[in-house]
Amino acid sequence: MFLVCLLIFILSLSLIFFLWLRKKINLARLDNATRQTAKSSFPAPLESNNRHEFDSSQLLQTYFRGLSYVLANETDKAVAEFIKVARVNSTTAEIYLALGQLFRNSGEMERAIRVHRDILLRQNLPEDIRQRTFFEIGLDYAKAGLFDRACRTFEEILGHNPKNHAARLELVSLYEKTREWEKALQLFENVPSADKHNNIIAHLHTEVAKTAILNGDREKAVTFFHRALQLDENCIDAWLHYGDLLLSDGLFEEALAKWNKAFVLNPDLVSLLINRFTKLGPENQARAEKDFFIRHAQGYSNNNHFKMAYIGWLINSGNFEQAGEALQELMSKKTGDRDIFSLMQKLLTALTQKGRGEGQLYQELIRNFFSTQLRFEKNYRCRKCGYRLEIMLWKCPRCSTWDSITVI
Ligand SMILES: [Zn+2]
């Protein structure tokens, strides 16, 4: 039902657009400048005689055909149809804007940029169309990887109209890509409240703090970590890196306390914490791990990610029987993944090194594992778009959502 309504809506819009288009055609008075700019991107507009041959019903058909190709995601065919319409009515900037978008979506960046630039060369171009065209050019540059030019374009749009929030969001996204975190933060703090989320502002603060650490500016880093955690006390990345900073100052206990906050917020990400224990030096590492696992073994026994880290620790500390039992129990609950495989390998290696014969006991387990359970899959996934990745990121590389990545 919804689809039918949508279709009727699209068709009505198309009809209105067509009527408007036809009126434009009747009024078409191409000046020389327009002719020249149109020539540079497309074959010249059809001569007036030919234009009459391409009558209204043909135009309507062509337009609908183009539209149906757009809906069917057949960009090449849509472009071909729209070029026909644009030839008949080359004064219609809207058609060129649509064409430029199609070129961009199909990855033909040079053509997209050329089409959009041509629109700007027109005389008497309405201001709203001029601004929309600049916006499209900014998107073209960004997609072509010309980030400097894209930034300059959106900066100009904002300079002209500070309330252009779409341009503001595009610029934030570009500053994030180019890792200009302070600029991103400054802009993002002024977006309308509907788009402004504290978790994102906290991440941007955290990134500023991380850059400050790299630049040796400890004080600034602390300030930004504090602000990040005031804005969003669930910002795991801030807790982890704040802990790192404290550790570099030799403050072991304080660092551990911050890391522990991160663990409690999301125990699935326990590996981020365990990897950090190695930075403590052998003696402190052993003590910190023991404290950590003994303290949490009961409370998090149902969390498979914690359990795997726990088994790793049991093996490291020579508790092979306990590790083997825990591993078998885990395999009965969780379908195989490479982390279990790594643990099994670790256990067998440790047993062999100690000259112990229990390795035999696990042969059956390994056969079972290889034949039925082993799946080499990526460990993390975006909740929003389903993208899978090997490492933990706080922003999805595909759909650009913050805090959407989760451990599988
Ligand atoms: Zn995503």
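**Zinc site.** I started at the zinc ion and found a tetrahedral site, with angles of 106 to 112° among its four donor atoms. I kept in mind that this is a predicted model. For comparison, I noted that the ideal angle for four tetrahedral donors is 109.5 degrees. Next I looked up the donors: the SG atoms of Cys382, Cys385, Cys396 and Cys399 coordinate the zinc ion at 2.2 to 2.3 Å. Along the sequence, I read their spacing as C-x2-C-x10-C-x2-C.

Are Cys396 and Cys399 buried or partly exposed? I used the cut-off of under 20% relative accessible area for buried. Cys396 has 2% relative accessibility, so I put it down as buried. Cys399 has 25%, so I put it down as partly exposed.

**Aromatic rings.** I turned to the aromatic pairs and found 15 in the structure. In one of them, Phe263 and Phe292 have ring centres 4.9 Å apart and planes at 75°, so I logged the pair as edge-to-face. Phe263 sits in helix H15 and Phe292 in helix H17, so this pair ties together parts 29 residues apart in sequence. Phe263 is buried at 2%. Phe292 is buried at 3%.

I then checked Phe293 and Phe306. Their pair is tilted, with 5.7 Å centre to centre and 50° between the planes. The pair links helix H17 to helix H18.

**Whole chain.** Last, I looked at the chain overall. I noted 21 helices and three strands. Of the 408 residues, 45% are buried.

Terms used
Residues are numbered from 1 along each chain as its sequence is written. This is a predicted model: local features need pLDDT of at least 70, side-chain atom pairs count only at pLDDT 80 or more; totals for chains, interfaces and linings use all residues. Side-chain values use heavy atoms; hydrogens and water are left out. Helices (H or I, at least four residues) and strands (E, at least two) are DSSP runs, numbered from the N terminus. Buried means under 20% relative accessible area, exposed over 50%, partly exposed in between (1.4 Å probe, protein chains only). Donors are N, O and S atoms within 2.8 Å of the metal (3.2 Å for Na, K and Ca); water is not among the atoms, so sites may look incomplete. Four donors count as tetrahedral if all angles lie between 85 and 135 degrees; four count as square planar and six as octahedral if opposite donors are over 155 degrees apart and all others between 65 and 115; anything else is irregular. Rings of Phe, Tyr and Trp (its six-membered ring) pair if their centres lie within 6.5 Å; planes under 30 degrees apart count as stacked, over 60 as edge-to-face and the rest as tilted.
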